[in-house]
Amino acid sequence: MPLLPLAILFGVVSLACAVTLLIHAFRRSVGTGVMVLLIPCYMLVYAFSQFEHPRKNLIVAGFVASTVLTAVFLGMGVHGIAAVAARTPPPGF
């Protein structure tokens with residue numbers, strides 16, 4: 001169960017990096033911002049090809065790594081909850 005708070009933490013970090021990317025895309029142009037917002041994988045394309053920021057490496061690495069770690073910890077946490085829920089109660093009940 002302690003994996004779910006880690007998933008939440010990395011999800012918040014991923015969200016913060018994604019918002020930074022989205023704000024930068026909308027400042028560049030409305031069309032680019034809409035594409036980043038609506039086309040699923042375009043945020044990664046934009047982050048690697050057009051994103052210009054003094055801390056680009058930290059933001060892009062934070063976004064990618066936090067997204068992956070959120071998925072991993074969320075999957076492991078849900079699997080743990082499912083394993084606990086699938087246990088049969090002792091025969092005394």
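## Annotated spans

The unreviewed UniProt entry lists residues 28-48 and residues 60-86 under "transmembrane region". In the predicted model, residues 60-86 are 100% helix and 0% strand, with end C-alpha atoms that lie 39 Å apart. For residues 28-48 the chain is 81% helix and 0% strand, and the C-alpha atoms at the ends of this span are 15 Å apart.

## Helix H1 and Ser14

Helix H1 covers residues 3-28. With its 26 residues, H1 reaches 38 Å from its first C-alpha to its last, which is close to the 38 Å expected at 1.5 Å a residue. Its buried residues are Ala7, Ser14, Cys17, Ala18, Leu21, Leu22 and Ala25, and the buried residues of H1 pack against H2, H3 and H4.

The side chains of Ser14 and Thr67 are joined by a polar contact of 2.8 Å. Leaving aside neighbours within four places in sequence, Ser14 is in contact with Phe63, Ser66 and Thr67.

## Helix H2: Thr32 and Leu37

Helix H2 comprises residues 30-38 and contains Thr32; Leu37 lies in this helix too. Thr32 has a relative accessibility of 10% and so counts as buried, whereas Leu37, at 51%, counts as exposed.

A polar contact of 2.8 Å joins the side chain of Thr32 to that of Ser29. Once neighbours within four places in sequence are set aside, the residues in contact with Thr32 are Ala25, Tyr42, Tyr46 and Gln50. With the corresponding neighbours of Leu37 set aside, Leu37 is in contact with Leu22 and Phe26. The C-alpha atoms of Leu37 and Ala18, which are 19 residues apart along the chain, are separated by 9.8 Å.

## The buried side of helix H3

Helix H3 runs over residues 42-49, and its buried residues are Tyr42, Met43, Tyr46 and Ala47. Because these residues cover an arc of only 140° around the axis, they are placed on the same side of H3. What covers the buried residues of H3 includes H1, H2 and H4.

## Aromatic pairs

The structure holds 2 aromatic pairs. In the pair formed by Phe10 and Phe73, the rings are stacked, at 5.8 Å centre to centre and with 20° between the planes. Phe10 lies in helix H1 and Phe73 in helix H4 (residues 56-86), so this pair ties together parts that are 63 residues apart in sequence. Phe73 has a relative accessibility of 16% and therefore counts as buried.

The pair of Tyr46 and Phe51 is tilted, with 6.4 Å centre to centre and 55° between the planes. Both Tyr46 and Phe51 are buried, and Tyr46 is one of the buried residues of helix H3.

Key. Residues are numbered from 1 along each chain as its sequence is written. This is a predicted model: local features need pLDDT of at least 70, side-chain atom pairs count only at pLDDT 80 or more; totals for chains, interfaces and linings use all residues. Side-chain values use heavy atoms; hydrogens and water are left out. UniProt positions are given in the numbering used here, feature names are shortened, and annotations may be inferred rather than shown by experiment. Helices (H or I, at least four residues) and strands (E, at least two) are DSSP runs, numbered from the N terminus. Buried means under 20% relative accessible area, exposed over 50%, partly exposed in between (1.4 Å probe, protein chains only). A polar contact is a pair of N or O atoms within 3.5 Å; within protein, one must be able to donate a hydrogen and the other to accept it, and residues adjacent in sequence count only if both atoms are side-chain atoms. Contact means heavy atoms within 4.5 Å. Rings of Phe, Tyr and Trp (its six-membered ring) pair if their centres lie within 6.5 Å; planes under 30 degrees apart count as stacked, over 60 as edge-to-face and the rest as tilted. The arc is that of the directions from the helix axis to the C-beta atoms. The expected span of a helix is 1.5 Å times one less than its number of residues.
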